[in-house]
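Please examine the sequence and the structure before reading each solution.

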Amino acid sequence: MLDRLFRCCKLLRMAPTQAALAALVLTAASSPPAGDVQQIPPDQARAVLGEMVTDADGKDVGRLVDILVGDQGQPQAAVIDFGGFMGVGNRKIAVDWNALRFTPTDTQHPITLNLTQDQIKAAPEYKDTAKPAPVVVAPAPAPAAAAPASEAPR
Amino acid sequence: MSHGETRPARNARALDLVNFFIADVQTGFGPFIAVYLTANKWTQGQIGLALTLGTVVALISQLPAGALVDSASNKRVAAGGAILGVMAAALLLASWPRQLPVSIAQTLHAFSSCVLTPAIAAISLHLVGHAALGERLGRNARFASLGNGLTAAVMGATGSYLSSRSVFILTAALCVPALFALASIGRGEHAREQTTKTPFDWPGLRELFSDRRLLIFGLCVVLFHLSNAAMLPLLGATVTMRAGSVANVIIAACIMVPQGVVALCSPAVGRYAASMGRRPVLLLGWGALPVRGLLLAVLPGAWLPVAAQAVSGVSGAVFGVMLPLLAADITRGTSHFNLCLGALGLAVSLGGGLSTAFGGWIADQAGTPMAFVALAVVGALATLVLWLLMPETNQDSATGDQSRTGSPTRPPPAAGSV
């Protein structure tokens, strides 16, 4: 009985992430011919769920745990499990997709976040999937970046 | 091979080590599992379910596990089986982080923990008897918090510099010295009258669960954890917000400082509970809750809240010593010590489970400082209930006259209330 409950809830709750992952892989794979199986080596596209995100200095920021995807299938924001010690005090925050840089060839730091930890430390927690996500966007590159702006995407 | 005088001392030291290593082992479970499963590509929904499974199994098994330990004629065997269960759970988690094995591991760990905690208390009671139990439980708490604090430090280091899997391998490895220490504890001198003859002794159960002292203390325990459990996670979130990249060091300090305080003052708590009576000590521990909550609400910056965590060490020490001590008081002369511990464990789980929901909700509605204030208010309420309703349970003649009356109408001066 417990098992059925488990499976049932799993189906419900895994769907968005799986869709997002599939979307990500497809974006990276540049439209394969229909029906064929294309082999994509990990240095061209890699799985990102649960991967460590590092900042520009190579320091750990947190793990990428979910992706917000728009109606065209394009990723809008990444959800990062940020901060904490041994599971205490960590919090999920959403960061603008454009603030992330993916380097599949770099096995040590495949995902880099273009924000410092101090820029994202005060970001509100992303917890309710039904409400607007508070996404931290990168400071505009032209003027010398001041404070990070947090806003809902739409 | 010496015997006679040295035997109790040797048993006592072995029990110290058991407490130390078991605390080590339990540190890896808990919030860290979420980190580990995230690293293994689990979705947040799946992780939530796995954690909920552990919580639910723990809730369901408290009472049956307590009854099981009551019916075990050798509590050391029960404890050994439970340690093996925890070890198997850690190995499963480390080697096979998939849904079914993790579900099994969570179930196994939750049930084993529900057996292990009362079994250790029962072994302590067998070794020293009721009269010296307070002091013994103080030692237990001291070594457990030493184990907790040290392991949190070591595991924090291994978890961030090696892989998160190494935490569970280390956990499983630490079960081995725990088992060796357990095996070297001899049969206690106070072991008689502690085992149920039938697995289900209904009249005895009815008597236990209609004991007014258990019901009142159970309520105090629920309120204690309703106030206590959400404070550390909320504090961690606050520290992460305020400190950014050094937050993990501060949170580690927030976890280890109270452990240090518990290690320092638990033996004194046990001694005072024996000499002054249970009520003043209980009031001190419960009364520290609102103090801590208010300190957390007002202390600014990222480092200052660590000071408030020292206060939590006081309530932690009192709680760790007094919960099994009161269970022993309440069940004195019966064989339902472990069942009583199970019932109080249930109260802990209930209060703790409600606390995170309650604290999180207030934090969402009115901000984290208000959540700390609300938790402090619950702590004050818990202290008030304890002060007004809880009778003295110490039945040893050595206790002072004031605290022996057991009358709730004439409470002693509030020791620790705000």
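**Exercise 1.** Determine how many residues of chain B are in contact with chain A, and which elements supply them.

*Solution.* Two residues are in contact if their C-beta atoms, placed from the backbone, lie within 7 Å. On this basis, 33 residues of chain B are in contact with 27 residues of chain A. The elements of chain B that give two or more residues to this side are helices H2 (32-39), H3 (44-71), H6 (133-161), H10 (231-243) and H11 (247-275). Helices here are DSSP runs (H or I, at least four residues), numbered from the N terminus. H10(B) provides the largest share, seven residues.

The model is predicted: local features need pLDDT of at least 70, side-chain atom pairs count only at pLDDT 80 or more, and totals for chains, interfaces and linings use all residues. Residues are numbered from 1 along each chain as its sequence is written, while chains are lettered from A and ligands numbered from 1 in the order in which they are written.

**Exercise 2.** Describe how H2(B) and H3(B) pack.

*Solution.* Two packed helices are described by the angle between their axes and the distance between the axes. For H2(B) and H3(B), the angle is about 145° and the axes are 10 Å apart. Axes are lines fitted to C-alpha atoms over the stretch in contact, and angles run from 0 to 180 degrees between N-to-C directions. Next, the residues: Ile33(B), Ala34(B), Leu37(B) and Thr38(B) of H2(B) meet Ile47(B), Ala50(B) and Leu51(B) of H3(B).

**Exercise 3.** List the residues that Met322(B) contacts, leaving aside its neighbours within four places in sequence.

*Solution.* With those neighbours set aside, Met322(B) is in contact with Ala273(B), Arg278(B), Val281(B), Leu282(B) and Gly285(B).
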